[in-house]
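Thanks for coming. I will walk through one structure, chain by chain, and then look at where the parts meet.

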Amino acid sequence: MISALLKRLGQTLFVLFGISVLVFLVFFATPGADPTSRIAGKNASPETMTRVRHEYGFDRPLPVQYATMMKKLFITRDLASYVDRGELVVPEIVRAAPVTLSLATGAAVIWVVASVAMGTVAAAFRHTWIDRSLMMLGLIGISIPVFWLGQVANLITQARYHDTWLFSWVPGLGYIPFLESPVGWFRALIIPWVVLAVLFIGIYGRVLRADLITVSGEDFMRTARAKGLSPTRVLLVHGLRTSMITFVSLFGLDFAQLIGGGALLTEVVFGLQGVGRLTYQALSNLDLPLIMASVMYSAVFVVMANAVVDVVYVLLDPRVRDAR
Amino acid sequence: MTQTDPVPCAASAPPGPWRTAIRALSVNRSAMAAFATLLFITIACLMAPFYAHDIAHTDPFTSNVAGSFMLHGQEIDIMQPNDNPLHLGLSPAGPTWHASAYLLGADSQGRDVAARLLYGGRNSLMISFSAALLCITMAATVGILAGFFGGFVDLILSRLMDIMWAVPVYLFAISLSIVTISQGLKIGPFTIESDNLLIPVVIIALVYVPYAARPIRGRVMALRNAEFVTAAKSLGVPRWRILVLDILPNVSNTLVVLTPLLTALALLAESALSFLSIGVQAPAASWGTIIQDGEGLIYTRPMVALAPGLAIVMVVLALNIFGDGLRDALDVRETSRKNA
Amino acid sequence: MHADVPLLEVQNLCISFRSHGRNVPIVENVSFSVNMQEILAIVGESGSGKSVTATAIMGLIDTRDVKITGSAKFRGQELIGLPQKAFRQLRGRHIAMVFQDPMTAFTPVYTIGWQIDEQIRAHERVSKSEARARTVQMLGNMGVPDPERTANRYPHQLSGGLRQRAMIAMALSCNPALLIADEPTTALDVTVQAQILDLIRNLRHDYGSSVLLITHDMGVVAETCDQVMVMYSGRVAEFGPGDAIFAQPAHPYTAALLDSIPPLTGPRPTRLPSIAGSPPSPSERPAGCAFAPRCNYSHKSCETVPPLVTYGQQSVACVLPVEGRALPSRAVTKDLA
């Protein structure tokens with residue numbers, strides 16, 4: 001047990017290290033141009049260039065550069081944006097985090113509820129028109145680019161039907177902090193939540209249906225029926241509960257990726273000042289330190305979430321519990 | 001059992017797996033409809049220059065804010081007074097629904113949206129399909145090496161895939177794009193300019209390698225332990241022959257099934273990158289860049305952004321339906337893991 | 001309930017599946033009955049239709065492509081065509097089933113005790129603690145050591161034998177009149193097999209249950225059963241009391257099955273006789289007697305399906321007794337039974 005935990009911890013640390021090296025290499029060792037000018041931004045003065053070169057150790061070997069960068073990111077946390085007049089990067093990310101967290105959490109609630117309902121209903125009515133239309137809906141959801149769906153949602157709720165009773169309650173684009181007005185927070189986020197959730201409802205609904213149908217061929221499902229349980233109970237208590245194991249492991253990863261900035265496109269379209277939009281703004285003026293920091297933080301987050309998923313997995317599946 | 005029918009040997013030889021699959025696919029109506037849609041859209045996009053020159057008579061790459069066009073014998077300005085009550089500023093012309101001129105209206109620079117849609121589609125489809133092929137090639141290399149040799153090779157490659165997979169796909173793609181977009185790519189004597197379409201192709205292919213490599217590796221590992229491979233090994237068949245003659249043909253159906261699904265993912269990724277203006281670079285167009293152009297016009301001339309978006313949805317949906325059909329026809333499982 | 005009315009009476013049961021636009025018969029005209037406190041064995045190779053018969057009686061076949069005709073009366077109640085809702089009242093409570101592979105027959109994510117409690121509470125209004133008390137008692141009765149702790153363990157934490165005991169405990173938890181055991185010992189070690197068979201044999205005394213035992217193993221039959229029904233390729237080959245069948249099998253297939261039991265006493269033969277060939281698949285059954293292609297005695301009159309005829313205490317679907325060429329009786333029988 002202890003040794004297994006230590007092994008898992010070792011793996012996590014290894015992946016963390018690997019990611020930091022990967023991101024570092026992408027940003028500073030991609031062949032093509034001097035990383036100094038990438039950091040300093042367009043048309044930087046020679047003085048800035050020298051300062052950057054010295055600060056990041058670009059005149060020294062790669063391992064030293066890597067160490068310097070990690071120190072600036074995680075220990076001193078004084079990584080500064082040159083394009084944005086020396087704004088400190090890490091606090092900026094911390095400020096944006098609540099927005100992203102709100103967006104991802106709300107969307108997650110919607111997509112979990114909707115996809116569980118969709119997958120279960122489709123599996124219960126498998127090979128009927130209900131199943132087929134639900135699965136087609138899911139496939140359409142998977143096929144819509146989220147940023148475009150956001151635009152369409154804006155077009156409908158902000159312009160075309162904004163003056164009707166249907167959408168007159170939708171506030172203008174932007175984020176309203178929860179502490180300022182819970183109702184406003186909810187109103188501002190409900191449309192982005194739904195838009196972000198659509199893709200995941202499609203994916204999870206389809207995955208869950210497939211899992212449920214696989215599970216329904218298992219011996220224990222036959223046992224459950226032979227016990228005289230109702231079909232609903234067999235499907236939900238025995239089938240769904242067993243299928244949830246895959247579902248949860250998928251969910252952990254996706255949720256972590258969203259928190260880590262994966263919701264960037266949604267944030268951009270709805271003008272939400274989250275971590276993703278921060279990255280987007282950095283894109284437009286090639287603010288490399290900021291982008292690197294957000295990518296690095298998000299990767300760290302995903303790896304941590306992986307570890308959490310493993311723990312939840314253990315709670316959900318007694319077989320795994322004993323295997324370690 | 002006194003008489004035996006003469007068995008027609010050659011005629012009733014069982015059809016090969018590919019032929020069976022094609023037959024199964026051809027009776028799958030939704031898959032065939034999806035394929036027809038794809039074919040139609042692809043051909044339409046390839047005809048882009050013809051449409052621009054000979055039907056719409058426009059140049060979709062130069063801005064034309066001062067120009068005008070003829071419709072029903074009337075001359076109409078491309079940029080028109082705004083619809084808003086104060087008539088402040090100018091809006092581009094809306095859709096005319098006439099193929100001869102500004103079928104879908106003009107964008108903010110007065111360019112023909114319909115013509116740009118076709119040109120953009122050409123780029124989008126080309127990029128996503130090439131990216132999918134490149135990705136499959138890389139993933140197959142990684143997956144086959146890891147799965148076939150196992151041990152140390154597998155350990156290194158699988159860990160590398162784990163690491164790449166931990167970075168959100170779009171963030172990974174954005175990181176690579178932002179680095180290459182500023183100054184292009186110099187590898188030894190080769191320089192790839194930052195507006196080269198190869199850059200998005202390589203980036204998108206790269207970020208989806210872990211996604212595709214995993215099922216391939218699993219398939220190869222299963223095959224490696226399959227009886228016929230063990231038999232070949234015990235007969236002393238050299239490893240490379242087993243790899244080429246036994247493993248590769250049996251992995252190929254997994255690769256075929258993955259291709260449309262990856263193309264769909266690549267198209268979505270390409271449009272997202274282009275929408276963030278770090279994919280296809282102006283003046284070249286793609287469906288993503290047109291949506292980006294249309295963002296500012298979304299409330300006044302929504303068609304600019306709606307049309308390319310609908311095109312993306314149609315193509316991705318058709319690819320997914322076709323991919324599902326292929327998967328059923330070839331009876332391949334384990335590829336259903338999703339995008340991010 | 002009168003002792004002379006059979007608990008389960010199956011008549012002319014036919015089950016066919018539609019496949020590629022064709023009706024493929026799996027089970028044809030099967031009739032048998034199970035009396036109170038009786039153990040009936042259905043014996044046959046895999047694919048003989050024995051499991052499908054049991055599944056049909058339980059109402060567990062849920063493909064739409066299946067067609068079931070004939071009659072199966074449980075305590076006079078017709079089961080064929082019974083709505084699922086009514087079936088649920090019977091299943092688990094009056095008719096229970098034990099499956100072949102105890103590894104996969106329990107839901108992996110719940111404890112054994114939880115799953116037995118669930119069955120009890122599905123049929124009776126009892127509190128959680130009452131249900132658990134009964135569960136623990138049942139487990140104890142089935143010879144599970146330390147039943148309280150075992151109830152709190154997950155399926156994968158138990159050995160195959162213990163799991164099968166738990167499975168039987170679950171099946172018996174509502175005191176069913178009929179227990180259908182589908183190859184209950186096939187997946188178990190030989191020593192554990194004997195223990196489980198003992199358990200099944202004693203059920204009629206301890207619980208008053210009848211048992212429908214499905215197996216491919218004549219050795220298992222010899223140790224447990226009152227009545228034997230031998231099935232071959234979806235049809236009844238021979239039916240009758242176990243003693244009679246073991247003493248004088250009337251169907252060549254039964255005889256061949258008996259030959260393939262390893263003797264318990266005496267010198268071990270170097271090689272057990274086996275039946276050459278394999279049973280036909282349901283879609284390729286011959287027009288006449290299905291066993292004819294593998295039968296040493298097959299001749300001209302085997303080209304039509306032989307009717308079930310009475311021969312001594314058994315009924316048999318073979319032309320040999322009618323033609324006055326019955327198989328010889330067997331000497332070794334008493335050692336076995």
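A residue counts as buried here if 20 or more other C-beta atoms lie within 10 Å of its own. By that count, buried residues make up 48% of the 340 residues in chain B. Please keep in mind that this is a predicted model.

Let me stay with chain B for a moment. Chain B has 12 helices and 6 strands. If we take its contacts between residues at least 6 apart in sequence, 69% of them join residues at least 24 apart.

Next, the chains together. Which chains share the most contacts? Of the 2 pairs of chains in contact, that is chains A and B. Chains B and C, on the other hand, have no contact joining them, and their closest C-alpha atoms are 9 Å apart.

Now the contact between A and B. Chain B puts in 43 residues and chain A puts in 45 residues. On the chain B side, at least two residues each come from α5 (151–166), α6 (169–183), β5 (185–187), α10 (239–275), α11 (287–295) and α12 (303–330). Which of these gives the largest share? On the side of chain B that touches chain A, that is α6(B), with 10 residues. Sorted by class, this side of chain B has 29 nonpolar, 9 polar and 5 charged residues.

On to chain A. Chain A is divided into domain 1, residues 2–76, and domain 2, residues 94–323. The C-alpha centres of these two domains of chain A lie 32 Å apart. Where they touch, 13 residues of domain 1 of chain A are in contact with 14 residues of domain 2 of chain A. On the domain 1 side, α1 (2–28) and α2 (35–40) of chain A each supply at least two residues. The most comes from α1(A), with 8 residues. By class, the domain 1 side has 7 nonpolar, 3 polar and 3 charged residues.

There is also a record to mention for chain A. The unreviewed UniProt entry carries the annotation "transmembrane region" for residues 12–30, 101–125, 137–156, 185–204, 245–270 and 290–316 of chain A. I will take two of those spans. Residues 185–204 of chain A are 100% helix and 0% strand, with end C-alpha atoms 27 Å apart. Residues 245–270 of chain A are 96% helix and 0% strand, and there the end C-alpha atoms lie 33 Å apart.

Last, chain C, and its sheet. In chain C, 8 strands form an open sheet with mixed pairing, in the order β6-β7-β8-β3-β9-β10-β12-β11. Which strands are at the edges? They are β6 (95–98) and β11 (309–311) of chain C, each pairing on one side only. Neighbouring strands of this sheet are turned by 20° against each other on average, direction ignored.

Within that sheet, look at strand β3 of chain C, residues 39–43.

Helix α6 of chain C, residues 160–172, lies across β6 and β7 (178–182), running at about 170° to β6(C). Helix α7 of chain C, residues 190–206, lies across β3, β7 and β8, at about 160° to β8(C).

That is what I have for today.

Terms used: Residues numbered from 1 in each chain as written. Chains lettered and ligands numbered in written order. Predicted model: local features only at pLDDT ≥ 70, side-chain atom pairs only at ≥ 80, totals over all residues. Helix = DSSP H or I, 4+ residues; strand = E, 2+ residues; numbered from the N terminus. Buried ≥ 20, exposed ≤ 12 C-beta atoms within 10 Å, placed from the backbone. Contact = placed C-beta atoms within 7 Å. UniProt positions renumbered as here; feature names shortened; annotations may be inferred. Pairing = 2+ DSSP bridges. Axes fitted to C-alpha atoms, helices over the stretch in contact; angles between N-to-C directions. Nonpolar A, V, L, I, M, F, W, Y, C, P; charged D, E, K, R; others polar. Domains from an automatic or database assignment.
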